[in-house]
Amino acid sequence: MKQLLECTDILIVAPFFLGYLWAADKFCKKFLGASKRREGLFLFFSFCGWLFCNILGRLSFIPYTFSVLLYPIFFMGLVLLLFQSDREKRILAAAMLMVVVRMAADFFASFLSCMELFFLHVVKKIPEPFSEVWVIGLISGAGNCFAILAVRWMSKHLGSVFCGKPRKWYVILAVPMFVTVIVYDVASWGASNGIMVRSGGNMGLYYDQIFSLVEFLVLASLSMTAIGFYVFGMNRIYLEQEKSSQYHSQIAVYKMLSEQYRQSERLRHDMKNHIIALSALSRNKEWEKIDSYLKNMEGIVLDADGDMTGNKAVDALLYQKRKRAEEENINWECDVQMPKEYCINEFDLCVLFGNILDNALEACGRMPGGECRFINIQAKTVKKCFLLEVKNSRDRTEKYADGFTSKGDLMEHGIGLLNVSDVVNKYNGAVNTEAENGIFVISILMPFSDAAHDIKAAV
């Protein structure tokens, strides 16, 4: 189809392709970032490069493969040069944008071309119809409009893909995309020249065109489906592995806390005996023995200043997090009242409190020095439901969306919220997050009775 285009169609397609470049620029700025001094350079140079490569491709002495590969290489170079973030992440973004502009645009344009040829042949009764140059230009422009919609969709759904993965992970995703684009270009060239699918000359030029366009449709749809399954499948596998890793870490922490509870109980029990013994020595005025006894007790620590919530596991966890907050000069306010009768097991409670407070401490730690940093925890029973609300200060410059922030390697933050969501869903609860005016708020509501009923039913 592209070989049928003449240079005049470039003027028709140009505004549509410029719109695609605008969407690509927004996509890169969202996931990669760009300095203000480079604002507008991507649009200008990528559009000029596209015009040059298209005009060059119309020259008969230029090899087809050279003209096809020139612009993707130039486009990738612009993404690497004009945007920030890790190099591997920029390569992945360029690969995704090339897949969209090649396959999504060709898919929709081929579909419209099939419809137009079918209309001319069946309705207009033209035996061997040809599309006018201006019609081909409009169809190609419509394909670019479809590519714009695809880029906008990716901007909304690929946040977790570009957040906090190791560098080699981005390369593992990008390489198959480049290979797919190359294979697709070779197959498209074959389809355009009637090599792979043709009628053999017996069915006429009309069917040769239909066969080639249908192959474009099949190739583009299969390629996009394969890439989509690959990207989201790899992302799902990575998230599940990270969640599993965090759960194993949390189990280890929970076991440690359980051991601390037992030691604390033994210490409290022994302390009663120590007090009885010291009282007896005091009554007998055996001061030297009292002094010796107290020296033997050195090193025994009993913290009576912990957050008394009614649950020993939560008490120990809050004590650890509070100590970390005090070490980092973060204001700590806690009012947690655990119900006497509840069906949320202690491990799930530690997952909730642990992940939420870890995220809050990390958010406070990323704030610039001198700003007020705080963590406020409220938990209580509201009409047979457990309500937990945690507020913490955060950097006002960070952007928040769907559980992820825009600054730093924060995949653990997103994984933590996924673990919290798993626990909340387990008890048929609801979770809500808000981030505005430099404050992050997470609220969780979990019904006791419903959760108990569901757990018994599952057993």
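**Figure 1. Overview of the predicted protein chain.** Among contacts in the protein chain between residues at least 6 apart in sequence, 73% join residues at least 24 apart. The model shown is predicted. Its secondary structure comprises 12 helices and seven strands. Of the 459 residues in the protein chain, 44% are buried.

**Figure 2. Packing of helix α4 against helix α5.** Two packed helices are described by the angle between their axes and the distance between the axes. Helix α4 spans residues 87-123 and helix α5 spans residues 133-157; their axes lie 7 Å apart, at an angle of about 135 degrees. The angle makes α4 oblique to α5. The crossing of these helices, α4 and α5, is right-handed. On the α4 side, the residues that meet α5 include Met 96, Leu 97, Val 100, Val 101, Phe 107, Phe 108 and Glu 116. On the α5 side, the contributing residues include Val 135, Ile 139, Asn 144, Phe 146, Val 151 and Met 154.

**Figure 3. Packing of helix α1 against helix α4.** Helix α1 covers residues 9-31, and its axis comes within 11 Å of that of α4, with a crossing at roughly 155 degrees. Because angles over 145 degrees count as roughly antiparallel, α1 is roughly antiparallel to α4. The crossing of α1 and α4 is right-handed. From α1, the residues Phe 17, Tyr 20, Ala 24, Phe 27, Cys 28 and Phe 31 take part; they meet Lys 89, Ala 93, Met 96, Leu 97, Met 98, Val 100 and Val 101 in α4. The contact of α1 with α4 is made up of 12 nonpolar residues, no polar residues and one charged residue.

Figure 4. Ser 46 is placed in helix α2, which runs over residues 41-57. With a relative accessible area of 0%, Ser 46 is buried. When neighbours within four places in sequence are left aside, Ser 46 is in contact with Leu 21, Tyr 71, Phe 74 and Leu 78.

Figure 5. His 121 counts as partly exposed, at 23% relative accessibility. Apart from neighbours within four places in sequence, the contacts of His 121 are Ile 126, Pro 127, Pro 129, Tyr 206 and Tyr 207. Of these, Tyr 206 is 85 residues from His 121 in sequence, with a C-alpha to C-alpha separation of 8.0 Å in space.

Figure 6. Cys 364 is found in helix α10, residues 346-365. Its relative accessibility of 0% places Cys 364 among buried residues. Not counting residues up to four places away in sequence, Cys 364 touches Ile 330, Arg 373, Phe 374, Ile 375, Asn 392 and Ser 393. The C-alpha atoms of Cys 364 and Phe 374 are 7.2 Å apart, and 10 residues separate the two in sequence.

**Figure 7. Cysteines and disulfides.** A disulfide is a covalent bond between the sulfur atoms of two cysteines. With a cut-off of 2.5 Å between cysteine sulfur atoms, the count of disulfides comes to zero. Cys 53 has a relative accessible area of 10% and is buried. Cys 114 is likewise buried, with a relative accessible area of 7%.

Terms used: Residues are numbered from 1 along each chain as its sequence is written. This is a predicted model: local features need pLDDT of at least 70, side-chain atom pairs count only at pLDDT 80 or more; totals for chains, interfaces and linings use all residues. Side-chain values use heavy atoms; hydrogens and water are left out. Buried means under 20% relative accessible area, exposed over 50%, partly exposed in between (1.4 Å probe, protein chains only). Axes are lines fitted to C-alpha atoms, for helices over the stretch in contact, and angles run from 0 to 180 degrees between N-to-C directions. Helices (H or I, at least four residues) and strands (E, at least two) are DSSP runs, numbered from the N terminus. Angles under 35 degrees count as roughly parallel, over 145 as roughly antiparallel, 65 to 115 as roughly perpendicular and the rest as oblique. A crossing is left-handed if the near helix is turned anticlockwise from the far one by less than a right angle, and right-handed if clockwise. Contact means heavy atoms within 4.5 Å. Ala, Val, Leu, Ile, Met, Phe, Trp, Tyr, Cys and Pro count as nonpolar, Asp, Glu, Lys and Arg as charged, and the others, Gly among them, as polar.
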